[in-house]
Every structure is written in structure tokens, then in C-alpha cells.
Amino acid sequence: MPLFGNKFSPRKTPIRKSKTNVNSDKLLDDLVGENRSVKICLGGQELLFENGEWMPCSGKNSSTHKMNQKFKKKNHELQEENNLLKVKYELVLNMLSEVTAEKEQLERELGKVRKSTKR
């Protein structure tokens with residue numbers, strides 16, 4: 001045994017042997033529903049795993065979750081509408097500035113014509 005050599009080096013962990021449990025398939029079948037989605041019950045609330053996220057099916061949070069989903073959808077729609085209105089506003093401002101520039105140019109030309117006719 002060396003005095004200072006391997007005292008602080010980690011030991012190799014032994015390889016774990018997996019145990020197959022016959023009841024694990026039954027448990028998995030209980031978790032997976034008819035439409036091949038995962039459903040679990042935690043603390044009196046059922047959760048369903050759909051489209052990559054957990055959604056409450058029953059319990060006091062399910063109605064809150066559904067309302068949140070509606071609000072998120074409405075928020076997204078309002079943001080899209082707001083973006084469209086911003087684009088329309090920019091367009092109207094551009095049109096207004098173009099018309100104003102044309103008006104100024106025509107007034108200058110009219111002033112030149114009036115000066116030349118007075119002479």
C-alpha cells in the first residue's frame with residue numbers, strides 16, 4: 001500500500017445488474033391510456049402527458065390550466081393583430097410622408113411659376 005499514491009483517487013463502481021420485474025409491464029400498461037398517452041395521478045390530481053407537456057385532467061388545477069391555455073391563445077392572437085396594426089400604421093405614415101413631400105414640391109413649383117408670370 002503506497003503512502004500517498006491512491007488515497008484520494010475514486011474507486012471504480014461495480015457494474016449494476018438489472019432485475020426484470022414481471023409487474024413492471026403491468027404498471028406501464030396502467031400508466032399508458034387507451035390512446036397511448038401517459039396518465040398519472042399525483043395527490044388527487046390526474047395529469048396527462050400530451051404534445052410534450054403535462055396537462056392536468058382533473059382536480060382543482062385543471063380548470064385553471066384550461067383558462068391559462070385560452071388566455072395564452074388569446075394573447076398570441078392579440079400579439080399577431082398588434083403586429084399587423086403596427087405594419088399598417090407604418091404604411092400609412094409612409095403614404096402620408098410621400099403625399100406631404102409631393103405637396104411641398106408642387107407648392108414650390110407653383111411658387112416658381114407665379115414668380116415667373118409676375119415678371
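**Exercise 1.** Which residues form a nonpolar patch on the surface?

*Solution.* This is a predicted model, where local features need pLDDT of at least 70, side-chain atom pairs count only at pLDDT 80 or more, and totals for chains, interfaces and linings use all residues. Residues are numbered from 1 along each chain as its sequence is written, and side-chain values use heavy atoms, with hydrogens and water left out.
- Y89, L93 and L96 form the patch.
- Together they have about 320 Å² of accessible area (Shrake-Rupley method, 1.4 Å probe).
- Y89 lies in helix α2.
- Y89 counts as exposed because its relative accessibility is 53% (exposed is over 50%, buried under 20%, partly exposed in between; 1.4 Å probe, protein chains only).

**Exercise 2.** Classify the aromatic pair by its geometry.

*Solution.*
- The structure holds one aromatic pair.
- F49 and W54 form it, at 4.9 Å centre to centre, with 55° between the planes.
- That makes the pair tilted (centres within 6.5 Å; planes under 30 degrees apart are stacked, over 60 edge-to-face, the rest tilted).
- F49 is partly exposed, at 34% relative accessibility.
- W54 is partly exposed too, with a relative accessible area of 41%.

**Exercise 3.** Locate G44.

*Solution.*
- G44 sits in the loop between β1 (38-42) and β2 (45-50).
- At 60% relative accessibility, G44 is exposed.
- S58 is 14 residues from G44 in sequence, and 8.4 Å away C-alpha to C-alpha.

**Exercise 4.** Which helix has the lowest mean pLDDT among the elements of the chain?

*Solution.*
- The chain mean is 81, and 75% of residues reach 70 or more (pLDDT is the predictor's confidence in each residue, from 0 to 100).
- Helix α1 (residues 23-31) has the lowest mean, 60.
- Helix α2 (residues 60-118) has the highest, 93.
- Where pLDDT is low, predicted coordinates should not be read in detail.

How values were computed:
Helix = DSSP H or I, 4+ residues; strand = E, 2+ residues; numbered from the N terminus. Patch = residues over 30% accessible without salt bridge, like charges linked within 9 Å, V, L, I, M, F, W, Y side chains within 5 Å. Salt bridge = Lys/Arg side-chain N within 4 Å of Asp/Glu carboxyl O. Phe/Tyr/Trp six-rings, centres within 6.5 Å; stacked < 30°, edge-to-face > 60°.
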